[in-house]
Amino acid sequence: MVDLSVKIGDITLQNPVTPASGAFSWEYNDVIDLNRLGGLVAKTICREPRLGNPTPRMAETEGGIIQSIGLPGKGIEYFVAHIVPEYAKFKPPLIVSVSSESIEDFAALAAELSVPDVDVIEANISCPTRNSTGGNFAMHEGYTRDCIQAMRAKTKKPLWVKLSPNAGDIVSIAKAAEDAGADCLVIANTFLSLKIRTDNFRPALGNKFGGLVSPALKPIILRMVYQVAKVVKIPIVGIGGVTKAEDVVEYMLAGASAVGVGYAGFRNPTALITIIEDLAAWCNERGIKKVAELIGAVRDQDMEKDPLVAASAGV
Amino acid sequence: MPSEPKGKYTNSALRAGDQDPYPQRLVGEFIGTVVSNRSVNDEYKHLILDVHEHALNAYAGQMFHLLCPSPDDEEVWMRRPMSVYRVDRQAGQVEFLYKVEGRGTRGIATLAPGDDFNLAGPLGVGFKLQQGWNNIVVLGRGVGLATLAPLSQLAAERGIGVTAILSARNPAVVMSKELFEGLGARTITVVDSDGSSAIENVEKIIEALIAEGKADAFFTCGSNRLLKLMQRLGKKHNIPGQVAMEQIMVCGFGACYVCMRTFEVDGQRVLRRVCRDGPVFNMQEAVGW
């Protein structure tokens, strides 16, 4: 029997498969047994009650969807009083995603979310449709450092930091987050995108820009995970285009300790369970006793450098 | 040899007869088998699927989220929500009546008997019939009538009389008349081609039903114009009502907040999720579209 558990700092996940924030809620218990997931990731919460963005909030595109939801929610007080208890009914650790437009408020929210039933605080400093000086701090090294330092000073909970794929140099931003006290890096949020309708010449989304969600993103995010894993010591959660067990394996080989799944759960509501079962089967078939052995196990040190020799190898 | 990756990653979806590893589920991901998929007229088709017994819990107004095959060389990336047209518990079948219109429904139209079809559901809050209602009025247009049709089944089971006003462009595309009538509903057809579907005429028909005492509650789907009419008459005569709404939808479980519609509750405008708070809502609170 394969051991699927992975450790992220002091937190143990029973398997490396978690939902991605925004693509999940406790309401999925209607269709899958939430106690089988690696973790539970709540939708990003803000201090104030928010209606979110105008509709349409989603448009299909080649390879997936673009979406701009606008962080709707009932605010932090309601969240702690009513939504945290919904998640507390289940065993996997609760990861609470949080966003704000100011560093001071990010820090205050970290303190207010440091309640017993919250296991991890995930700083969503990368909402793609927020301004880079007003909440999308992961676009800049300096803002990232300042925000995570401020949050770190206000909470002892494990602090995960969700990075942006839209930043120019994600590696230095990852390093800044680590230096500022992050316990884990979540790579990454969605790609800022635009779709224009050719029938009426209007942007397809009510909010104009949206985040691209697609299996096609996997090679790009995988590259980011790989690059960041080479320079940081803290664990990484890879998010982008995971639809099957082999994708989890790929992310782990690149250096991730766990993955987040969004798109696949939209396509198949039971996808996370399928991926967990297939991952166990994949390990069993190869005699892998602990899935954690895969973390960073990519074989990139002994690559053939001579093109003549490489081209003569069997394929 | 290690096994090859499974093509469609649906090994947690249930086929008819499968044992359910999570029997307390309210919602399932199912692989139905197409029994038939026939054209009803030039625009509409009727799909019948053999499904796992859990899917048979669907009631009037609830939806399934359909993973549509592609009608062309491009993928259909997201599911399409569709209200259930009929549940045949004896036969173990669910049925859908759909207008072949967008890429999703054009994809469904390609299904042939024996094909697999992945559907998740039943989703959402459907129609509710209250104690004390003896006669209801159902008013729908186009494919909205497919959503309203199972109400006649529900009402018939409760001994509630149904008058169904069926609105369409022309007599050839009036939907579900036989289904409504087969379950004992009285039907009144109004069409654009002879002008009988004009709002003033439909208003007269409904006013007459109210005068006869045949309108304890209103139900509608498929037309903003007809919704506004029923809201006005409902307010005037203090008759409660329910409306089934649709919206672009992603997850179906209330998680993603894509499928929002505006409602007015106690003078306040609020957003609600069609997938989980609906698709059937209090008619007077709906703002329309």
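A nonpolar core is taken here as a set of buried Ala, Val, Leu, Ile, Met, Phe, Trp, Tyr and Cys residues joined through C-beta atoms within 7 Å. Buried means that 20 or more other C-beta atoms lie within 10 Å of a residue's own, exposed means 12 or fewer, and partly exposed is in between, with C-beta atoms placed from the backbone. The model is a predicted one, so local features need pLDDT of at least 70 and side-chain atom pairs count only at pLDDT 80 or more, while totals for chains, interfaces and linings use all residues. Residues are numbered from 1 along each chain as its sequence is written, and chains are lettered from A and ligands numbered from 1 in the order in which they are written.

The largest nonpolar core holds 190 residues, and the members touching the most others are Val161(A), Leu185(A), Ile187(A) and Val225(A). Helix H8 of chain A (residues 271-285) supplies the largest share, 8 residues; helices (H or I, at least four residues) and strands (E, at least two) are DSSP runs, numbered from the N terminus. Chain B takes part as well: domain 1 (14-123) and domain 2 (135-285) of chain B both give residues to this core, so it lies between them. As for Val161(A), once residues up to four places away in sequence are set aside, it touches Ala123(A), Ile125(A), Ile148(A), Ala177(A), Ala182(A), Leu185(A) and Val186(A). Contact here means C-beta atoms, placed from the backbone, within 7 Å of each other.

Turning to the chain interface, 37 residues of chain A are in contact with 31 residues of chain B. On the chain A side, the elements giving two or more residues are strand S5 (58-61), strand S6 (64-67), helix H7 (263-267) and H8. H8(A) again has the largest share, with 4 residues. By class, this side of chain A has 15 nonpolar, 10 polar and 12 charged residues; Ala, Val, Leu, Ile, Met, Phe, Trp, Tyr, Cys and Pro count as nonpolar, Asp, Glu, Lys and Arg as charged, and the others, Gly among them, as polar.

Within chain B, the bounds of the two domains come from an automatic or database domain assignment. The C-alpha centres of domain 1 and domain 2 of chain B lie 23 Å apart, and their contact takes 20 residues from each. On the domain 1 side, strand S4 (63-67), strand S5 (80-83), strand S7 (93-99) and strand S8 (116-123) of chain B each give two or more residues, and S7(B) gives the most, with 3.

Two strands count as paired if DSSP finds at least two bridges between them.

Strand S10 of chain B (residues 161-168) runs parallel to S11(B), with 6 bridges joining the two, and Ala168(B) stands opposite Val191(B). S10(B) also pairs with S9(B) in the parallel sense, over 7 bridges; here Arg141(B) has Ser167(B) as its bridge partner. Of the 8 residues of S10(B), 7 are buried, so this strand is largely enclosed by the rest of the structure.

A cis peptide bond, with omega about 10°, joins Ile187(A) and Ala188(A), and Ala188(A) sits in the loop between strand S10 (184-187) and strand S11 (191-194) of chain A. Another cis bond runs from Gly278(B) to Pro279(B), with omega near 10°. Leu71(A) has a positive phi near 50° and is buried, with 23 other C-beta atoms within 10 Å. Phe201(A) has a positive phi near 65°, but is exposed, with 7 other C-beta atoms within 10 Å.

How values were computed
Contact = placed C-beta atoms within 7 Å.
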